[in-house]
Amino acid sequence: MAVFMEEKIEAIYRQVMAKNPGEGEFHQAVKEVLESLGPVLVKYPEFADKKIIERICEPERQIIFRVPWQDDKGEAHINRGFRVEFNSAIGPYKGGLRFHPSVHLGIIKFLGFEQLFKNALTGMPIGGGKGGSDFDPKGKSDNEVMRFCQSFMTELYRHLGEHTDVPAGDIGVGARELGFLFGQYKRITNRYESGVLTGKGIGWGGSLVRKEATGYGAVFFVREMLKVRKDSLEGKTCVVSGSGNVAIYTMEKLHQLGARVVACSDSNGVIVHDKGIDIGLVKRLKEVERRRIADYASHHKDARYVAGGNIWDVPCQVAMPSATQNEINGKDARALLKNGCIAVGEGANMPTTPEGVKLFLEAGVAFGPGKAVNAGGVATSALEMQQNASRDSWTHEFTERKLDEIMTRIHANTCETAEEFGATGNYVVGANVASFIKVAQAMVALGLI
Ligand code: NDP
C-alpha cells in the first residue's frame, strides 16, 4: 500500500514538472511537500480518491499583467506583474508581493505554494497566494516607486478584496511600497477597505508588531526547538543572513533573549562583528537611510566587512537564513555543521537547498523549515485583519503575546505531527503533513471545485 502511494505521488510530481516547465523553484517546493505525503495517503485514502494532491499543485488562478511606468526623466519602462491565487479552501488568498529583478512566474508559484501550507499552520482562516514583479526598487526615487506601485495596483485592484485576496509585503515591498499600493487601491475603489492589505502603517490601519512579526516569530520557534532539547538561546552565538525586515527583527529578538548575533549581510557582502551586531545601526542604515550593509563598518572600527563574502563560513551555534531562497547549499551546510551549528531556523522562504536540508536532518540539528518558522508574519497579518474588521487596535504587549502563543502552538503541532507520522524531531515532515491535512480536509468538504 505504502509503496503504491509513493509511486502515485512520484507520478503526480512528474506531471507537475511536465506541466510547469522552466519553474525550478516551484518544482523544488512541490517535491519537498510531496515527499512527506506517502503515509498521509495511506491514512486518508479519500485524499487520493479525490485527487487532492493534483488539485493542490494547480493554482486556482494565475494573473500576469503589464506594468508600464515612467521614470523621473520621462522615459517609459515596462515590467511584468504577477498574482498567483493558489488556494482558497480555508480562507481568502493571502500572501505577500515581491519586487525583485529575479521575479518570474516560477518564483511566485513556489512562494504561493509554500504560503498555502504556512497559512494553514497558523490556525487562522487564510488561504494562500503570492504576487510581485520583476521591478527593482533599489536605486529608484520615491516618486518612481510611487508611479510603479500606482500602475501595478491599477491592474491588480480588480482581483483583490478583503474576502477575496489580501496581499502584504515581501522582498522589496516594505512600508513605503505598501502605502502607495493601498493609496491607489483606495482611490480606484473609493473604499477605505483596510482589510484588503496588511503590513499597513500604524496611523492608517496597521497593527503593532506586524513589522517585527516574522523575525520575532522565527526566534520564538527556534526557542521552542531548543527547549525540546533542554537548551535555550541564552549565550548562543548566532548568524542571520540578510539585513531586511526579517533579518533585523530576528536579530532584535535574539538579542532580547540573550543571544549574540555576530554577522549579517546583504547581496553585496557580509558584516562580521564579534562583539555583537549593533541592531539600532542596521535599522537606521537599512530602514531609514536605504544604504548598504558595507556602510556599517565605517561606524564600528572593530567590525569587518567582507565584500562578496559567504556568511555561512562565520562560525555560529544558531543559523537563521533570512534573505532569500536557496542561500544555503550543501557546501554551506557542511561548513555550518563543521563549525558547531546546533540549530537552523529558516526566516526566509526555502533558503536551504534539498541537499542542505538532508545534511542538517542527518546531522540531527534542530532544523525548522520556513513554512513553520516564518509563519509569524502572516499570522500577525491575520491579527491585523481581525483588528480592521472590529475597528480596534491592540497594544504591543497583547499582540506580541498572541504571536508568541501562535508560534508556540505551531511548534507543538509540527512536533506532534512528526511524531504521529513516525518522524520524531523532523519538523519538515511535521509542517508538511499537518498543513496538508488541514487544507485537504477542507477541500474534500467543499467538493470538486
Ligand atoms: P527585504 O527586502 O526587507 O530584505 C531582503 C534582504 O535579503 C536584504 O538584505 C537583501 O539584500 C537580501 N537579499 C535579497 N535577495 C537576495 C539575493 N538574491 N542574494 C542575497 N541577498 C539577498 O525582504 P524580507 O526581509 O521581507 O524577506 C526576506 C525573506 O523572508 C524572503 O525569503 C521572504 O520571502 C521571507 N519572508 C518575509 C516575510 C515578511 O513578513 N516580510 C514573511 C515570511 C517570509 P539586498 O538589499 O542587497 O537585496
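Strand β8 (residues 269-272) is joined to β9 by 4 bridges, and the two run antiparallel; strands are DSSP runs (E, at least two residues) and helices are DSSP runs (H or I, at least four), numbered from the N terminus. Within this pair, Gly269 has Ala307 of β9 as its bridge partner. The model is predicted, so local features need pLDDT of at least 70 and side-chain atom pairs count only at pLDDT 80 or more, while totals for chains, interfaces and linings use all residues. Residues are numbered from 1 along each chain as its sequence is written, and side-chain values use heavy atoms, with hydrogens and water left out.

The open sheet contains 7 strands in the order β9-β8-β7-β6-β10-β11-β12, with mixed pairing, where two strands pair if DSSP finds at least two bridges between them. Neighbouring strands are turned by 15° against each other on average, direction ignored.

A further open sheet has 5 strands in the order β1-β2-β4-β3-β5, again with mixed pairing. Here β1 (61-70) and β5 (165-168) are the edge strands, each with a single partner, so one side of each has no neighbour in the sheet. The twist from one strand to the next averages 20°. Strands β2 (residues 76-87) and β4 (residues 128-133) run antiparallel and are joined by 6 bridges, and Glu85 has Gly129 in β4 as its bridge partner.

Two helices lie across β1, β2, β3 and β4. Helix α6 runs at about 150° to β4, and helix α7 (residues 142-156) runs at about 145° to β1; axes are lines fitted to C-alpha atoms, for helices over the stretch in contact, and angles run from 0 to 180 degrees between N-to-C directions. The axes of α6 (residues 105-122) and α17 (residues 427-446) come within 8 Å and cross at roughly 85°. The helices α6 and α17 are therefore roughly perpendicular (65 to 115 degrees). In α6, Leu116, Phe117, Ala120 and Leu121 meet α17 residues including Ala431, Phe436 and Val439, contact being heavy atoms within 4.5 Å. Glu114 also lies in α6 and, at 2% relative accessibility, counts as buried (under 20% relative accessible area, 1.4 Å probe, protein chains only). Apart from neighbours within four places in sequence, Glu114 contacts Ala29 and Lys371.

The chain is divided into domain 1 (2-56), domain 2 (61-192) and domain 3 (212-373), with bounds from an automatic or database domain assignment. The centres of domain 1 and domain 2, taken over C-alpha atoms, are separated by 28 Å. Their contact takes 9 residues from domain 1 and 12 residues from domain 2.

The largest nonpolar core has 55 residues, and Leu254 and Ile277 have the most contacts inside it; such a core is a set of buried Ala, Val, Leu, Ile, Met, Phe, Trp, Tyr and Cys residues joined through side-chain atoms within 4.5 Å. Helix α9 (residues 210-228) gives the most to this core, with 9 residues. Domain 2 and domain 3 each supply at least three residues to this core. Leaving aside neighbours within four places in sequence, Leu254 is in contact with Val219, Leu233, Cys238, Val240, Ala259, Val261 and Met320. A second, separate core of 46 residues includes Leu34, Val40, Phe117 and Phe421.

Conventions: Buried < 20%, exposed > 50% of the residue type's maximum accessible area, 1.4 Å probe, protein only. Parallel < 35°, antiparallel > 145°, perpendicular 65-115°, else oblique.
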